[in-house]
Amino acid sequence: MKASLFSSLPGVFGPNLPEYRHAHGGNLRRLAELAGCRPGEIVDFSASVNPIGPPPWLGREVGRAVGLVASYPDPESTDLTLAACERYKVWPGQVLAGNGASELLWAAARLAGPAQAVMPVPAYVDYARSCDLAGLPVRDLALAPEEGFGLRVERLAPLLDRPSLVLACQPNNPTGLAFDSQALRDLARSRPDCLFVVDESFADFAPGLDRLVRERPDNVLVILSMTKFFAIPGLRLGLAFAAPDLAAGLKKRLAAWSVNAVAQKVGERCLKDLEYAEKTVRETARLRAGLAAELSEVPGIRVFPSQANFLLCQISRVGLSGRELFERLLADRLAIRLCGNFKGLDESYFRVAVRNDEDNARLVGAMRRVAGVDRPRPAPPARRARALMIQGTGSGAGKSVLVAALCRVFLQDGLSVAPFKAQNMSLNSFVGRDGGEIGRAQATQAAACRLDPEARMNPVLLKPNSETGAQVVVMGRPVGNMSVNQYVRFKAEAFETVKRAYDSLSRDHEVIVLEGAGSPAEINLREHDIVNMAMAEHAGAGVLLAGDIDRGGVFAALVGTMSLLTVKERERVAGFVINKFRGDPGLLDRGLSYVFEQTGRPVLGVVPYIRSLGLPEEDSLSFRQRYAPRVGDGSADASPDIAGRVDIACVALPHLANFNDLDPLEAEPDVGLRLVDSALDLGLPDAVIIPGSKNTVADMRLLRGAGMAAAIRSLPESVRVVGICAGFQMLGQEIDDPLGLESRFRKRIGAFGILPVATTLMAEKTLKRSLGRHLESGLAVSGYEIHHGRTTALGQDIEVAVADHDGQPLGFGLKGGRVWGTYLHGIFDDDAFRRWFVDDLRTRKGLAPLGRAQTAFDIEPALDHLASVVRDSLDMAAVYRAAGFRTTRQATFFKL
């Protein structure tokens, strides 16, 4: 920054410049030019607007109001002023809307009658300017710094020796102090020849303030800016409250249609949003107190008390000027409001807006560095990863797959990368080497990074076990079953765990690719969100919003989602990804242009539909569609008749879990795999597999009642029957649920009665990786266990089917091996054992065994192929920028 640059920008800096006297804060364009950066990089403490940002519905309301711009706005702003009457409890005819408080202020200065203007100073610079333009001489009442610039109203009286326009701010700008409203009422009543204009632009920030907006003498006019409290300075909207005759006189001095239609609609909604107002008051008080306390500890800085959303400060350190402080802070992209152009203040005074916690902390840190006393802090983490988040317009948009693809892309580019999903709802889980249970999707994403899956990658896992409840798994361990309402209350605690997990993972890697859940625009979930925008904010992640064009309506989904996001949330969205497209991407050009016109965000790429992806499905819906029953006519033989293939029927459990156990079988070319949800569709398969379930008791009862258990029992001796985890338990004689984990009745429930085993559901959940051996084949097997059950053998007809290396049972079976079950998820992932199993079915069917694995079950080639497709489809330079890199070259040499 150069002095010549300052002098070339009047209105921003320097008392010798022609526009300096009437300069305002918030001129981001000029501040950015001074700092040599983009306006969006400036953290602006010079403009005092609501620290929590605009109302979350602002974008939607603006969108709805756009249709009104084809007609002239209501010249009376009827709906807006009626909303103001309701909010402030005044009569119609006493409220007037204007194009910002400044327009109303300037009109008030031109009202006939006063011979002079009187105002306490320091005061808002436009008071004097409006009087200058109206030809009114101004007399100042200087407020004493030794009294904290407090106004004693009675001191105004001696200056009112002729009809006067008295201008006062409540609370004062720039001091933030309020005066005695009753004293002003008394003074106004004693001087009916004077007009008192009270600016309450910051009064809504001060709870308990005695407001003049409602109880005021007829010669008091109150002006209220909606810009500050509702953070909508770009819309320009203000209100005036006065006796009907005074309001009518003011209106005559305003231009016709001064309030546009969009501003009227937004203002009406603002005035009705009491919840936002309450939150603003609460948060502003907290943030102001914290900022004041921190700044007060900076040597050489005096902080004045304030009731508004800003703080007046003074530099008392010898050798440090306001200009120097301004320059040094602006070098850190922080802008403060120098107050040398306020009458009664000099260049040692400055004002700072109260902003959010992060911004406030950044200002305090910079101030302490300027003072040379940056306090000792705990050593910062060795690194904090760059972050990119994939969110979607809804479930099934392909978020999980895109995260896996980008994880592999970053890995291929030489970066240390890890996946992260704060909260996953899935019955398809995986157990890492640390014994922690996480979503299977995050395990796949970890594989894309060539990392061992661990609980930090998915700190909260929800496993639904009813329509309104789920088992909650935190950091890989179950903490209990919760209803929806119970979990909502638990979320705040869960989010703290989520943030700690992310921070820890972030320190170990260079890039984190985060996955959202559902849609960030789910209004009913936003307040307690821990997985979408709230997580993106914590991680500092740029967001790519993905939409599934295969479902149809992708452009409406993208634009609609953006319209439902808050302004702050939209700022995080770097662009869009259109997923699962079939056809020529050139056909989408008009749609892509429309999306950019509507949202200001580009589509960064169109990813084609990838057939036979070769990766585990995340949810059971996709799995069910993939393996849907191929016939269902109720005939006795419902098995597919495909020469040279064995037919494996998987029972479609309502709470189907860990269904990826079957993926390796489906990959075998001589296997036909199908789901059956009716006993009539079972037919005569070569094998039946009963998979895992999150609600074993309920699913078992349903299958028994539907005749599935009887149908399985009646199958001929040639048919193999296998149960995995819950399916293993169902094959037994009974399940005892003494703790009511899956049954309200806490009693023994009869099972299918096929295997002579009994299961007791225990409180402690088994979560571990296991190595073992399938005894009939003699082959080594491996996998992971996730179960509450403890299963014991009954009688003499049972034998151990699968055992760990210590000989402990991992499953039991009937002698001869026709029926067996195991707790080992992933048992079919082992190529040799899977081929033995299929060849055994072939032999029983009269087909020659193939003798060696036909397919190596390995997702590495699928991940590389996926990464190649996504890399070729996306603007990777833009993706890297969204992740926080300036260029892909920076990523190549990026070492934190």
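Which elements of the protein chain have the lowest and the highest mean pLDDT? In this predicted model, the lowest value among the elements, 42, belongs to helix 1 (residues 3-7), whereas strand 6 (residues 195-199) has the highest, 97. For the protein chain, the mean pLDDT is 88, and 91% of its residues reach 70 or more.

Two segments fall under a pLDDT of 50. One of them covers residues 1-22, for which the model has 50 contacts beyond four places in sequence. The other covers residues 630-639, with 25 contacts beyond four places in sequence. Where pLDDT is low, the predicted coordinates should not be read in detail.

The cavity search gave five cavities of 30 Å³ or more. The volume of the largest cavity is about 210 Å³. A total of 20 residues line the largest cavity, and those closest to its centre are Ser693, Cys725, Ile786, His787 and His788. Two or more lining residues are given by each of strand 30 (692-693), helix 26 (726-730), strand 34 (757-774) and strand 35 (779-793). Strand 35 supplies the largest share of this lining, with four residues. By residue class, the lining of the largest cavity comprises ten polar, six nonpolar and four charged residues.

Key: Residues numbered from 1 in each chain as written. Predicted model: local features only at pLDDT ≥ 70, side-chain atom pairs only at ≥ 80, totals over all residues. Heavy atoms only, no water. pLDDT = per-residue confidence, 0-100. Contact = heavy atoms within 4.5 Å. 1 Å grid on protein atoms, 1.4 Å probe; cavity = no way out; pocket = protein on both sides within 12 Å on 5 of 7 lines; lining within 4 Å. Points joined across faces, edges and corners; volume = space filled by probe spheres on them. Nonpolar A, V, L, I, M, F, W, Y, C, P; charged D, E, K, R; others polar.
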